[in-house]
Amino acid sequence: MSQKEKTLDTLCVHAGWDSDPCTGSVNPPVYFTSTYKQEAPGKHKGFEYSRTGNPTRKALEEAVATLEGGRFGYAFASGMAAIDAVMRLFAKPLRVVSIADLYGGTFRLFEKVYRPLGYDFWYANDNDELIALIRGHKPDIVWIESPTNPLLTVVDIEGIVGVAKEASPEILVVVDNTFATPYLQRPITIGADIVVHSATKYLAGHSDVVLGAVVTNREDLAEQIGFIQNAAGAVPSPMDSFLTVRGIRTLHLRMDRHCQNAKAIADFLSYHPAIEKVYFPGLPSHEGHTIAAKQMKDFGGMVTFRLKKDTLDAAQIFFSRLEIFQLAESLGGVESLANHPAIMTHASFPKEERIKRGITDGLIRLSVGIEDTQDLIADISQALEPLA
Ligand SMILES: *Cc1c(COP(=O)(O)O)cnc(C)c1O
């Protein structure tokens with residue numbers, strides 16, 4: 001049976017590693033080595049120096065590529081390093097059309113690092129605007145996330161691929177698949193050219209590593225990304241590579257519970273008197289629900305909501321009362337986290353920009369963990385009590 005025919009559940013457990021031919025080890029050993037002995041100059045077993053290649057990292061790279069349905073995978077020291085590698089493609093200032101509701105760190109990299117170098121960026125507020133910007137500018141890259149952070153807007157990936165390729169076959173469609181993971185959606189299989197990941201989140205899944213990945217099916221792009229990975233050198237350590245493979249082994253089980261818990265919490269919040277609005281693609285009232293239902297296996301583990309009392313004080317009351325949810329940045333780990341986008345993850349947006357995008361002081365983002373559903377709901381319920 002080829003890797004293609006296996007289901008994602010089986011691939012999560014096995015992708016990237018068969019037993020060690022020397023020892024039979026069922027897990028990839030953590031190769032703590034910077035260099036490799038050569039028999040004669042240039043005669044080696046495929047590894048020369050660990051910035052260029054390391055067997056533990058290779059196991060991870062193959063695992064992520066296989067899960068995404070791509071042929072080539074590259075791991076980086078962080079999600080931002082992975083995104084940065086893509087921005088260096090073609091060794092020239094790129095023209096990029098993206099979405100307004102973009103991960104804050106990506107927005108900062110685009111605006112503060114790459115725009116001063118002559119790159120151009122345009123941001124769309126919805127699918128129609130995105131289509132108009134693609135047709136109008138014929139950019140080098142269309143950069144999308146779906147669902148987005150923190151408002152969980154859904155982009156029609158297959159539709160956008162169609163629009164981009166029709167505008168010009170040269171346009172690359174890049175999808176940051178951090179929020180959905182390949183368990184819920186596989187953009188490369190529906191025409192995207194590149195997938196990037198912050199594996200820090202769901203792929204590694206235990207809030208114990210910072211790591212990124214790039215996957216593609218195109219040999220020409222793979223060659224360039226591999227070159228940049230080695231030349232610029234933002235590679236992850238063997239230990240972090242191991243932890244990420246270890247995390248991927250349970251991705252399917254964790255995602256099922258994340259999705260189940262998030263759905264229950266979104267339902268609970270949507271009837272709560274203290275809540276103004278719930279953002280969750282699984283709710284039929286969500287703008288992107290139909291597309292999400294079509295392109296995703298389930299709706300993910302992130303839930304965002306706005307308090308009726310749309311103030312920092314009200315948000316602070318909620319945070320201070322939480323017992324299971326912890327106030328922290330990041331997402332995608334087994335433990336439930338609550339986050340205040342305006343002050344925490346999205347502080348890199350200027351205030352006017354933030355408010356315009358709906359990231360107000362009473363907006364709260366939950367990364368719903370894999371604890372007991374009723375315990376999580378009870379925690380939120382008691383934390384909201386003074387606000388109802
Ligand atoms: C966290 C995150 C990143 C950045 O990844 P790091 O591993 O923190 O560098 C990029 N995109 C999305 C959607 C993220 O959530």
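How far is the sulfur of C259 from the closest cysteine sulfur? The separation is 12 Å, the partner being C12, and that is too far for a bond.

Colleagues, before I continue, a word on the basis of these values. This is a predicted model, in which local features need pLDDT of at least 70 and side-chain atom pairs count only at pLDDT 80 or more, while totals for chains, interfaces and linings use all residues. Residues are numbered from 1 along each chain as its sequence is written, and side-chain values use heavy atoms, with hydrogens and water left out.

To return to the cysteines: a disulfide is taken as a pair of cysteine sulfur atoms within 2.5 Å, and the count comes to zero. C259 is buried, at 1% relative accessibility, whereas C22 is exposed, at 73%. Here buried means under 20% relative accessible area, exposed over 50%, and partly exposed in between, with a 1.4 Å probe and protein chains only.

I turn now to the ligand.

A nitrogen atom of the ligand lies 2.7 Å from a side-chain N or O atom of D176. For ligand oxygen atoms, the corresponding distances are 2.6 Å to a polar side-chain atom of T200 and 2.7 Å to a side-chain N or O atom of K201. Of the 380 Å² that the ligand exposes when taken alone, the protein buries 92%, by the Shrake-Rupley method with a 1.4 Å probe.

How values were computed: Polar contact = N/O pair within 3.5 Å; in protein donor to acceptor, adjacent residues only side chain to side chain.
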